[in-house]
Amino acid sequence: MQKLLFLILIILLQNCLFAQNNLFRDTSLQVSENNIAFKHAWAGGLNAAQFNEIDLDLDGVKDLVVFDRSGNKLIPFLNKNNKFIYAPNFKSKFPKIKDWVIFADYDCDGKNDIFSYSTSGISIYKNTSSSSLDFTLETPLVFSQYPVGSVNIFVSPVDIPAISDIDGDGDLDILTFKITGGFIEFHKNMSIELTGACDTVAFQLETGCWGNFYEGLNNYTLNCQNCQCPPIIGNSSSKQKHAGSTLLCLDIDNDNDKDILLGDVSFNNLNLLINDGDSLNANMISVDSLFPSNNNNTLAANMDIFPAAFYLDVSHDGIKDLIVTSNSENNSENFESCWFYTNNGANTNPDLNYIQKNFLQQEMIDLGAGSYPVFFDHNSDGLEDLIVGNYGYHQMGGNPSSKLALFTNTGNNVKPNYVLENRDWQNLSQINLNINLNIPALNLTPSFGDLDNDNDQDMILGDANGKLHYFTNNGTNPASFTISQPNYNNIDVGYFASPQIIDVNRDGLLDILIGEQNGTINYCQNSGSLSSPIFDTVITNFGGIDIESNIISSGYSSPTLFDNNGSYELYSGSFTGVIYKFNNIDNNLTGLFDSISPLLSSEGSKTRVAINDINNDQKIDCIIGNYSGGLSFFSSDSSLISTQNFIPRNNLNIYPNPTQYEIIIEGNSFGDIDIVNSFGQLMLKSKKQSIRHRVNVNQLNSGIYFLKLGKYSSKFIIK
């Protein structure tokens, strides 16, 4: 019998551990800005987007998939009733993709396949969907027959090649720049010639200078017959390695040959090269450097750096439109980086007209580059608001502008509703926190805690230089802050400090955990007092954690220590986007923590997670930020998370208990607090106005005390 009970206990424990690692995506939580609800609030933001069409749900209608090379993430949208609907459940249907992707039907079966970057070349995944979307790897690397033999087709990871039927024979050919740059190689698909069908992957190099032109630094030499033309004056030798370009083929003038749109890595414009040859022998005769400025009311594409063009129907009229984005995942426009031009003409004779700069971006939370969320009740109404830091909004010709965004919870404790009220909360973009250069700091990452023992939450910000900055709470409602000490205590963890204020060792004093670029976590123990903290020691490599050290040297740890009913769990985002979880923390602060299976892995790069119970269902909710500037929301499934592991929000929870210095009172009740001793004598009064309220009890003698708040009471011990 004892063995049976032990076995049952083990099974229950395994189920509990398994349950705690499962979260599901929730897109129903409402978010608005300026009285307009975000249609795709939790889609995750866009920086360097690539647009493609594919039938996701196999209903015969092409849907939309956006790939962001900033974090290598896919964002699927169903096309329903001429509207795009965010459909994240299709993410798991796709293979792992990095750097660039093109959806095109290589085998002529009516289903778009996947061409993507693979080891300085191209991989192909065949669309094998029948009852649901499915892909099978056709080839990990596409080869072509060169004069010297079969060699893989070179494509740089920073390029986007053109995959199109160049010669008009019905199968898909490939255009890509030579490894030395300057000239475009035309790799002819030999499938039709060899088999009479499209289902064979067989290419040969047809010409090494397709179109008879040479690309310099955003300028061109035309009429380079047989690849013979001198390098452009001022351009480096063509023998240098190719720097980066984007290609898109389309028949702009309806003459049955392929013209080409070309973006350069170091420039902001798209170049249209007109083909005056034919489908078999391309010959570029002119260059339009202001494309698509084809009439008075159309803007030329201007992406600040490295534009890329995509040609697909996003206006639901059956005619392909133009989307222009940036192909640079860093140092480019990141808030208005999806330019939409509607096509009022035809596919092969387009009339392109500018509509907007933030296609889809205006319908999702997008805070530029980077999003670092933390929960904070800024107006003391008992509801969890959201403060989100960022790396910054792009500013042409200058440093990004780093800011905090305020999302106020205007719902209730059962059904939250967020309003993006302020994109520069506390005007931090105007404060010169970088005291060495006397300029604002980059990559602001917020954390909150009462560091001066005045019953309100102060703020510490981490920055890109590994520094911390301390702001005191002015005691107002809503909360406002004043900079107290930039470069707080001269703490420097290297780069990209990601702090959390929390009582790590449960001694009643708030400590600081700090993540950093190299992937380790730093523990700053408070050796001072409640009102005068001292952080004179930084313990590196806390818990033996080194995020993704087996993958990359820059793990970008971002710790979130969470008290799950008296037991600490530590979560961390990462460079690759995986959310990691650790336990075995309590009573083991100098030891090695246990790593639990990674929780999530599809939200982009440089992630950070905020954890709370925002809908009062006694289960974990989490909001994840990523480098694309957006957010994702996950809540737990009632069948997976045991409610006994979570604190009822309508009762009182007092911790630490026992205590020496202070108690934290957590619960969804507010009002006057009475603390009495075991004889019923009133010893202390306070007023609770927020979900988490701190009371200094270090003036009380050791013993048993009772706390009363309205109809609730709870016992605690002072040791």
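## Lining of the second largest pocket

In this predicted model, the lining of the second largest pocket divides by class into 11 nonpolar, 11 polar and 10 charged residues. The space in this pocket comes to about 870 Å³, and of the 32 residues that line the pocket, those closest to its centre are Gly71, Asn72, Lys96, Ile97 and Thr576.

## Aromatic pairs across the chain

A search of the whole structure returns 28 aromatic pairs. One of them joins tryptophan 42 to phenylalanine 633 in a tilted arrangement, with 5.7 Å from centre to centre and 40 degrees between the planes. Because tryptophan 42 belongs to the loop between strand S3 (36-37) and strand S4 (49-54), while phenylalanine 633 belongs to strand S46 (residues 631-635), this pair ties together parts that are 591 residues apart in sequence. Tryptophan 42 and phenylalanine 633 are both buried.

Another tilted pair is formed by phenylalanine 51 and phenylalanine 359, whose centres lie 6.0 Å apart and whose planes make an angle of 40 degrees. Here too the pair links distant parts of the chain, since phenylalanine 51 is in strand S4 and phenylalanine 359 is in the loop between strand S27 (352-356) and strand S28 (372-375), 308 residues apart. Both members of this pair, phenylalanine 51 and phenylalanine 359, are buried.

## A ring cluster and charges over rings

Beyond these two pairs, ring pairs also connect Tyr391, Phe496, Tyr556, Phe575 and Tyr627 into a cluster. Tyrosine 627, a member of that cluster, also has the charged end of lysine 606 sitting over its ring, at 4.3 Å from the ring centre.

A further arrangement of this kind involves arginine 506 and tyrosine 568, where the charged end of the arginine sits over the tyrosine ring at 3.7 Å from its centre.

Glycine 703 is part of strand S52, which covers residues 703-709. Its relative accessibility is 23%, and glycine 703 therefore counts as partly exposed, given that the partly exposed class lies between the buried limit of under 20% and the exposed limit of over 50%.

Leaving aside residues up to four places away in sequence, glycine 703 touches Phe716, Ile717 and Ile718.

Notes
Residues numbered from 1 in each chain as written. Predicted model: local features only at pLDDT ≥ 70, side-chain atom pairs only at ≥ 80, totals over all residues. Heavy atoms only, no water. Phe/Tyr/Trp six-rings, centres within 6.5 Å; stacked < 30°, edge-to-face > 60°. Helix = DSSP H or I, 4+ residues; strand = E, 2+ residues; numbered from the N terminus. Buried < 20%, exposed > 50% of the residue type's maximum accessible area, 1.4 Å probe, protein only. Lys NZ or Arg CZ within 6 Å of the ring centre and 35° of its normal. Contact = heavy atoms within 4.5 Å. 1 Å grid on protein atoms, 1.4 Å probe; cavity = no way out; pocket = protein on both sides within 12 Å on 5 of 7 lines; lining within 4 Å. Points joined across faces, edges and corners; volume = space filled by probe spheres on them. Nonpolar A, V, L, I, M, F, W, Y, C, P; charged D, E, K, R; others polar.
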